[in-house]
Amino acid sequence: MAPGALGGPSVTAAQLIARRFGLGAPTSELVRVPGGNTHRLFRLTTDRGTWAVKQVQRVHEDWWLQGFQESTSLELAAQSAGVRMPRPVAPAEPLADVLAELPTGGQTLTYRVHTWVDGSTPSGSAHPELLEWAAQTSATLHGLGLRSRSPLGSTYRTFPAEEWRDWADQARHRGREVGDRLRASLPVVLDVQAHVEPVLDLAELSRLCHGDLTPENVLVTADGPVLLDWDSAGPEVPDLEWLRTLWSFLRVPPHSPSPSDVRRALDAYGRSGGQHQAPASLRFAGLLNSQLRALAYSTWCAIGHRGLTADQEVAADAVAVQALSHLVQSAAGARGWSRLLA
């Protein structure tokens, strides 16, 4: 952002963010860094250290702010329980906990800040030590036992076939690639919905969970793995989340885990105090549901239902196409995966 964009002719975005979050005096401007399909991530260096600044794509609806506050409550509880993560920084005059709104000329932008952590994202098959860490971390988070104010149905939400068709038609009308692809794959999407709907009967088992504990949200540092990105936290059945997590760590496309890989991961979760309570027939429903949600949300964004810019809608279209591809691949293997748990 240019000088003067925030707070007057002599104040830059970096200076205004540093002031609000108490980060010291900037020694550089904001530097855009890779990361995040939904939010923009920047690095900010000040005389007190280096910080990760996330420009949050806020939805101006009550449900969004409630969800953010819940995700933050889990993040802070996990930090107190010893889960390694970038330290969240609370701003002065917060919008909610660690979230701040800053005026930008004629608009308002929403930010949050963490300490900067140097590390690398895991690649290829998970090493046994990393899988053990994922099991221990998942069991710790699930053991917190935090309840969500949102019903499990807010996580396992399905939609009538007519709505999916309407979204596909809207996408086609706007020239989005996901439109034709979604129309062609609609039978798969509806079959997945039918598979995940029985999870709603497990509502009494649900807890507030991370929602996206995958290799993409882990940094391997000299001191060990660090867990990132708590924005997707919400109500979930813990062992359904764990199956989704272990799959993301074990699966290296185009290959799938062997039965021994899955069994070893399940045992690691149990040794760490995790419990398997959901029936085996539904345990992979968590993975399918997360992909279904990603498809629905990115499709809404691509067709203009979230008030985004034209460039953001185009980016959301690419995310939606990828989400649909993942869903189709996963649905093809779901029945075989369930046999791994027998």
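1. A search of the whole structure finds one cavity of 30 Å³ or more. A cavity here is a set of points on a 1 Å grid over the protein atoms alone where a 1.4 Å probe fits but cannot get out. The points are joined across faces, edges and corners, and volume is the space filled by probe spheres set on them. The largest cavity holds about 70 Å³ of space.

2. The model is predicted: local features need pLDDT of at least 70, side-chain atom pairs count only at pLDDT 80 or more, and totals for chains, interfaces and linings use all residues. Residues are numbered from 1 along each chain as its sequence is written, and side-chain values use heavy atoms, with hydrogens and water left out.

3. The lining of the largest cavity includes T155, G211, E236, R244, N289 and R293; lining residues have an atom within 4 Å of a point. Strand 10 (234-236) and helix 9 are the elements that give two or more residues to this lining. Helix 9 has the largest share, four residues. Helices (H or I, at least four residues) and strands (E, at least two) are DSSP runs numbered from the N terminus.

4. The largest nonpolar core has 34 residues, and W164, V189, V199, V237 and L295 have the most contacts inside it. Such a core is a set of buried Ala, Val, Leu, Ile, Met, Phe, Trp, Tyr and Cys residues joined through side-chain atoms within 4.5 Å. Buried means under 20% relative accessible area (1.4 Å probe, protein chains only). Among the elements that supply at least two residues each are helix 4 (161-173), helix 9 (285-302) and helix 10 (310-339). Helix 10 gives the most, with seven residues.

5. Leaving aside neighbours within four places in sequence, V199 is in contact with L152, Y156, V237, L240, L282 and A285. Contact means heavy atoms within 4.5 Å. A second, separate core of 30 residues includes A135, V218, L227 and L243.

6. Helix 3 (residues 128-143) has 16 residues and reaches 22 Å from its first C-alpha to its last, close to the 22 Å expected at 1.5 Å a residue. The expected span is 1.5 Å times one less than the number of residues. Its buried residues include L130, W133, A135 and H142. The elements against which the buried residues of helix 3 pack include helix 2 (62-80), strand 8 (218-221) and helix 7 (238-250). Just after helix 3, G145 takes a positive phi of about 65 degrees.

Methods
Buried < 20%, exposed > 50% of the residue type's maximum accessible area, 1.4 Å probe, protein only. 1 Å grid on protein atoms, 1.4 Å probe; cavity = no way out; pocket = protein on both sides within 12 Å on 5 of 7 lines; lining within 4 Å.
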